[in-house]
Amino acid sequence: MVLFDCLLLNLMTYAVIISTSFYFYLRYRYTFWQRQGCPVPLEPHIIYGHTKEVTKMKTWVGEHYASIYFNTNGYKFVGFYQFQKPKLMLRDLNIIKDVFTKEFSTFPNRGIVFDDKLEPLTGNLLTLEGHKWKVLRNKLTPAFTIGKIKNMIDLIDGRAQEMVRILEAPAVIDEQVEFKELLARFSTDVISIVAFGFETNSLANPDAEFRKVGRMLFSTSIESIIRNALNALAPSLIGLLKVRSIKKEYADFFYNVVNDTVRYREENNIQRNDFLDLLMKIKRGQNLASEEESKLVLNENEGKEDFKFTMDVLAAQCFVWFIGGYETSSITLTFTFFELAQNPEVQMRAQDEIDSVLIKHNGKLTYEILQEMTYLDMIVSG
Ligand code: HEM
């Protein structure tokens with residue numbers, strides 16, 4: 001009995017020492033910004049920092065940042081904590097401008113945790129940092145020109161016509177249509193055809209493989225929650241525990257489609273003048289960026305290891321175009337249609353503008369005549 005009491009006392013003493021040390025360790029972590037002389041106007045939670053509501057999925061990250069912003073009026077910048085990780089929010093336009101321009105070389109990274117050895121598709125323009133990002137951005141800049149977009153209009157129009165055909169039947173019988181899903185399928189088809197020449201057929205088939213990949217990437221699952229928590233708490237564990245961000249079967253599917261298409265185009269000497277073509281040229285060693293830009297990047301990065309543009313790097317850039325292009329466009333369209341449905345007079349005015357511009361140009365949609373649809377532009381751009 002005495003031995004038991006003694007053991008219990010020892011255990012309790014250890015528990016008190018450990019929890020008190022942990023408490024003071026956390027308190028120390030939460031004084032980081034104070035030690036830097038940066039204000040933290042909102043009181044952090046001892047475990048979650050300022051991310052309690054997001055972690056419990058009561059709000060989403062955009063609203064969470066907005067709430068910090070709107071609750072810290074009068075400050076030029078404020079510190080906050082993602083769990084115990086210090087984060088800084090800039091609120092002053094002049095400081096923000098400096099970070100994006102004059103001080104850009106100090107802040108070039110987005111801080112996205114990835115492991116391109118485990119998941120080659122994650123080593124892309126959005127996640128890469130420093131030297132690698134600069135070299136790649138320079139190589140890929142020609143993909144973002146107006147000329148390239150002009151060539152895509154016919155392909156986009158083709159998918160839009162298909163969507164109109166799909167909507168005809170439900171319109172006749174006044175049936176409701178789930179527009180968010182329809183627009184996700186439309187955007188999947190558009191991005192895939194304009195960037196890689198893939199016919200993904202998502203409009204015709206809601207369960208097309210590409211649509212499944214897109215759906216999986218933007219849905220919440222146990223894996224994505226664990227990954228997000230690790231990202232905030234202990235990013236180094238992501239690599240150590242080999243936590244994936246893309247299900248292996250979907251990653252393999254995407255990689256193989258790109259790989260097979262590249263091989264097919266190479267073997268049959270096919271040129272489509274799209275994003276994939278550009279990537280294939282870079283992989284063959286062609287430099288498509290202007291001489292001036294290349295010189296600048298090369299000078300800045302003198303002495304640094306050369307960045308090899310392998311098949312893995314090529315597939316990763318296709319992947320970021322796919323996810324970056326499809327979800328953003330699809331959500332923008334969804335909100336646009338939602339607003340139009342709620343504001344029929346705006347919808348009528350937009351329709352009148354589209355009709356009159358198309359009539360003026362014999363019904364043919366081109367990049368140039370899109371520029372004449374100024375009211376539509378105001379609706380989409382907000
Ligand atoms: C409404 C539409 C879109 C929105 C709101 C949007 C938003 C963004 C944002 C906020 C960034 C990060 C910028 C930064 O940190 O400096 C980004 C980067 C990027 N986006 Fe988009 N995007 C859209 C459409 C697209 C489309 C259609 C594509 C491709 C087809 C695309 C491809 C990319 C790529 C490749 C990057 C990385 C660029 C780089 O690192 O240089 N995005 N986008």
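Where does UniProt place the feature "transmembrane region"? The record, an unreviewed entry, puts it at residues 6-26. UniProt positions follow the numbering used here, feature names are shortened, and annotations may be inferred rather than shown by experiment. The end C-alpha atoms of this span lie 30 Å apart, and the span is 100% helix and 0% strand.

This is a predicted model: local features need pLDDT of at least 70, side-chain atom pairs count only at pLDDT 80 or more, and totals for chains, interfaces and linings use all residues. Residues are numbered from 1 along each chain as its sequence is written.

Helices are DSSP runs (H or I, at least four residues), numbered from the N terminus.

**Core**

The largest nonpolar core has 30 residues. Such a core joins buried Ala, Val, Leu, Ile, Met, Phe, Trp, Tyr and Cys residues through C-beta atoms within 7 Å. Buried means 20 or more other C-beta atoms within 10 Å of a residue's own, with C-beta atoms placed from the backbone. Cys318 and Phe319 have the most contacts inside this core. Elements giving it two or more residues include helix 8 (179-196) and helix 15.

**Helix 18**

Helix 18 (residues 374-381) lies largely in the open, because zero of its eight residues are buried. Gly382 follows helix 18, with a positive phi near 75°.

Terms used
A residue is buried if 20 or more other C-beta atoms lie within 10 Å of its own, exposed if 12 or fewer, and partly exposed in between; C-beta atoms are placed from the backbone.
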